Amino acid sequence: LSALNYCLPSTTVCPQLTQHGPQAGYHPVAWSWLVGGIVERATGRHVRDIVSDLVCKPLGVNADDMLIGELPSSCKTRVARLEHKPVLSLASMSPACRGDSAPWVLRTFWRDLCRAESAALVCVGNSTLFRSICLPSSNGFLTARAVATVYGALANGGALADGTRFVSEAAVADLFSRLRPLNSGRSRSGP
């Protein structure tokens, strides 16, 4: 029984915690189950196969260099172990974890919560169980070359340098228009 098949029904009956609208959000794991469920039911295929056919093949990326979900035994020796680097001070933390506008007590709690979450995610991410389930938001296994190929195509308007089209220019422009503003307070513009 896959994690998706087990967890998707549980996710769909959870009570809604936010109002519908442009700011609704999902935890990345819940998002994985929802999107994975939609992909599987719409196509009749596993999300890992969709990524292989619609991303890897058009970009010329070896399917073993961009895996979503269960890590095949032939690839297990290629995967680096995650490491936890403890955060030593609030100044070294990202603004999101610092909680700059919060009272001191809350900032301290938030820092400790971020430290605990980071350590826990490293333990989970290195586990055999985690590497054997499909969570598209959380356990993709990609080589640096595969990531660079995807980002390069996106930065080039959806095409590789040789002109091979990966995704339409309109889709790339739409993607960039939806990016949240970065720390600069300005919206990031597309290619």
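## Ser 32 and helix H2

In this predicted model, Ser 32 lies in helix H2, which covers residues 28–43. Ser 32 has a relative accessible area of 1% and is therefore classed as buried. Although 102 residues separate Ser 32 from Cys 134 in sequence, the two are 8.2 Å apart in space, C-alpha to C-alpha.

## Helix H6 and its two faces

Helix H6 is made of 12 residues, 144–155, and its first and last C-alpha atoms are 16 Å apart, close to the 16 Å expected at 1.5 Å a residue. Its buried residues are Ala 146, Thr 149, Val 150, Ala 153 and Leu 154. Viewed down the axis of H6, these buried residues fall within an arc of 130°, so they line one face of the helix.

The face turned away from that buried side carries the exposed residues Ala 144, Arg 145, Tyr 151 and Ala 155. On the buried side, the residues of H6 pack against helix H3 (47–59), strand S1 (66–68) and helix H7 (169–177). Just after H6, Gly 157 takes a positive phi of about 75°.

## The largest nonpolar core

In soluble globular proteins, nonpolar side chains tend to be buried together. Here the largest nonpolar core has 17 residues, and those with the most contacts inside it are Val 55, Leu 59, Val 61, Met 66, Val 150 and Phe 166. At least two residues of this core come from each of H3, S1, H6 and H7, and the largest share, 5 residues, is supplied by H3.

Val 61, one of the residues with the most contacts inside the core, is in contact with Cys 56, Met 66, Ala 146 and Thr 149 when its neighbours within four places in sequence are left aside.

## Salt bridges

Side chains of opposite charge can pair when their charged atoms come close. The model has 5 salt bridges. In one of them, Asp 65 pairs with Arg 78, with the closest N and O atoms 2.6 Å apart. This pair links distant parts of the chain, since Asp 65 sits in the loop between H3 and S1 while Arg 78, 13 residues apart from it, sits in the loop between S1 and helix H4 (95–98). Asp 65 counts as buried at 18% relative accessibility, whereas Arg 78 counts as partly exposed at 45%.

Arg 48 and Asp 49 also form a salt bridge, with their closest N and O atoms 4.0 Å apart; Arg 48 is partly exposed at 33%, and Asp 49 is partly exposed at 32%. Another salt bridge joins Arg 165 and Glu 169 at 3.8 Å, N to O, where Arg 165 is partly exposed at 41% and Glu 169 is exposed at 53%.

Technical notes. Residues are numbered from 1 along each chain as its sequence is written. This is a predicted model: local features need pLDDT of at least 70, side-chain atom pairs count only at pLDDT 80 or more; totals for chains, interfaces and linings use all residues. Side-chain values use heavy atoms; hydrogens and water are left out. Helices (H or I, at least four residues) and strands (E, at least two) are DSSP runs, numbered from the N terminus. The expected span of a helix is 1.5 Å times one less than its number of residues. Buried means under 20% relative accessible area, exposed over 50%, partly exposed in between (1.4 Å probe, protein chains only). The arc is that of the directions from the helix axis to the C-beta atoms. Contact means heavy atoms within 4.5 Å. A nonpolar core is a set of buried Ala, Val, Leu, Ile, Met, Phe, Trp, Tyr and Cys residues joined through side-chain atoms within 4.5 Å. A salt bridge is a side-chain nitrogen of Lys or Arg within 4 Å of a carboxyl oxygen of Asp or Glu.
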